[in-house]
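Please keep the sequence and the model at hand while reading.

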Amino acid sequence: VKVAEGTDCVSIAVDWVNKKVYWVTEDRAQLAVSSYDGSNQATLLWINVGWILRAVAVSPKSGYIFWSNCGNDPHIGRANMDGTHQTFLIKESEGDQIVAPTAMTIDQNTDHLYWIDTHYQTLHIMDFNGNNFPLQRSSIHMISAWRMSLFEDRVYWVDSEMSEGAYKMHRASKLTGANYIETSLDIEARISGFRMYHRLLQPSHSNACARNDCDHICLLTPTGHSCVCNVGYRLMDDKRSCEKLDSPCTPSSCDPRQCIMCGSGDCLYHILQCDGDYNCPDGTDEKNCPTANGHHSNCMAREFQCLDGTCISETMKCDRNRDCPDGSDEDPRFCLVNNQCNREDF
């Protein structure tokens with residue numbers, strides 16, 4: 001699958017029943033889907049300003065897709081697999097204890113969602129309606145959990161950073177967090193993805209899209225299936241036919257579902273907004289872009305805005321050196337590794 005060039009894809013999930021791939025991006029804040037071969041791509045959700053997506057998971061049996069956000073108002077969200085009916089299962093602004101849900105996986109046999117919060121260093125379990133179970137196991141070994149998977153009665157996770165000169169894989173009981181074991185991996189490159197494969201992890205289900213009359217893309221939902229259209233098309237009133245937009249991103253036909261209007265009157269594709277390049281003649285596509293701390297930025301493209309308003313190079317963010325006067329460039333809320341000391345600290 002080829003995602004749009006330059007897009008920061010941070011997590012993928014596979015619908016093995018309907019043969020679709022879902023992914024979330026951090027830089028352009030979107031949740032998208034395509035066929036296995038990369039054809040028939042569609043954007044299902046344009047994520048809110050300030051969100052920093054970290055994980056995505058799907059349940060073909062239930063027709064749900066889940067995502068985790070470590071940015072503004074941390075939460076775990078749920079939607080139908082066609083992107084409709086968004087809801088929040090757990091959310092910081094509603095009093096829930098969640099800050100950095102960096103890793104997430106699904107037990108496809110029990111319909112339970114497992115996730116790790118690296119800020120609190122805790123392992124959690126809940127059902128698809130957000131009901132939490134007693135497990136809330138805390139461990140220092142979750143400080144840099146980045147990707148996780150599950151098999152039988154064990155949960156596994158890998159680190160985003162080296163510890164003691166090596167990347168590590170961790171294993172524990174999925175029900176109690178006990179029987180912890182860690183293994184050093186003989187890998188030099190940073191781990192960007194981690195999955196376990198077994199037929200038990202992909203149980204067979206009937207495919208509601210096996211017979212459909214969708215023009216372009218058929219996606220599973222809790223009640224059956226739904227039709228969506230490729231980029232550059234819109235769904236007709238019959239909910240199955242797709243009509244080509246002759247010029248979806250021109251001043252005379254600036255479809256807000258796929259386009260943005262520049263202050264100059266020009267119209268551009270939505271994916272060009274906040275991509276670090278000035279595409280609008282007046283630069284309005286790079287104004288009021290979200291920063292990692294969830295605020296709007298007054299800085300230039302490829303700069304990071306500290307909480308006190310200071311602008312520094314984006315490359316200085318999360319490098320374990322305090323470059324912002326207030327040190328917010330190392331804030332654990334948006335750095336991949338939480339609560340690790342800087343070099344000048346003990």
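A disulfide is here a pair of cysteine sulfur atoms within 2.5 Å. By that criterion Cys229 and Cys242 form a disulfide, with their sulfur atoms 2.1 Å apart. This pair links distant parts of the chain, since Cys229 lies in the loop between strand E18 (224–228) and strand E19 (233–235), while Cys242 belongs to strand E20 (residues 242–244), 13 residues apart. Strands (E, at least two residues) and helices (H or I, at least four) are DSSP runs, numbered from the N terminus.

The model is a predicted one, in which local features need pLDDT of at least 70 and side-chain atom pairs count only at pLDDT 80 or more, whereas totals for chains, interfaces and linings use all residues. Residues are numbered from 1 along each chain as its sequence is written, and side-chain values use heavy atoms, with hydrogens and water left out.

**Disulfides**

A search of the whole structure finds five disulfides, and the table lists three of them, including the pair already described.

| Pair | Sulfur–sulfur distance | Angle about the S-S bond |
|---|---|---|
| Cys209 and Cys218 | 2.0 Å | -80 degrees, left-handed |
| Cys229 and Cys242 | 2.1 Å | -90 degrees, left-handed |
| Cys306 and Cys324 | 1.9 Å | -80 degrees, left-handed |

The link of Cys306 and Cys324 also joins distant parts of the chain, with Cys306 in the loop between strand E25 (303–305) and strand E26 (311–313) and Cys324 in the segment after E26, 18 residues apart.

Are these cysteines buried or exposed? Buried means under 20% relative accessible area, exposed means over 50%, and partly exposed lies in between (1.4 Å probe, protein chains only). Cys306 is buried, and so is Cys324. Cys229 is buried because its relative accessible area is 10%, and Cys242 is buried with 14%. Cys209 counts as buried at 6% relative accessibility, and Cys218, with a relative accessible area of 6%, is buried too.

**Paired strands**

Two strands are said to pair if DSSP finds at least two bridges between them. Strand E14 (residues 154–159) has five of its six residues buried, so it is largely enclosed by the rest of the structure. Strand E13 (residues 145–151) pairs with E14 in the antiparallel sense over six bridges, and the bridge partner of Met148 in E14 is Trp157. E13 and E14 form a hairpin with two residues between them, and Glu152 in the turn has a positive phi of about 55 degrees.

E14 also pairs with strand E15 (residues 167–173), in the antiparallel sense over five bridges, where the bridge partner of Arg154 in E15 is Ser173.
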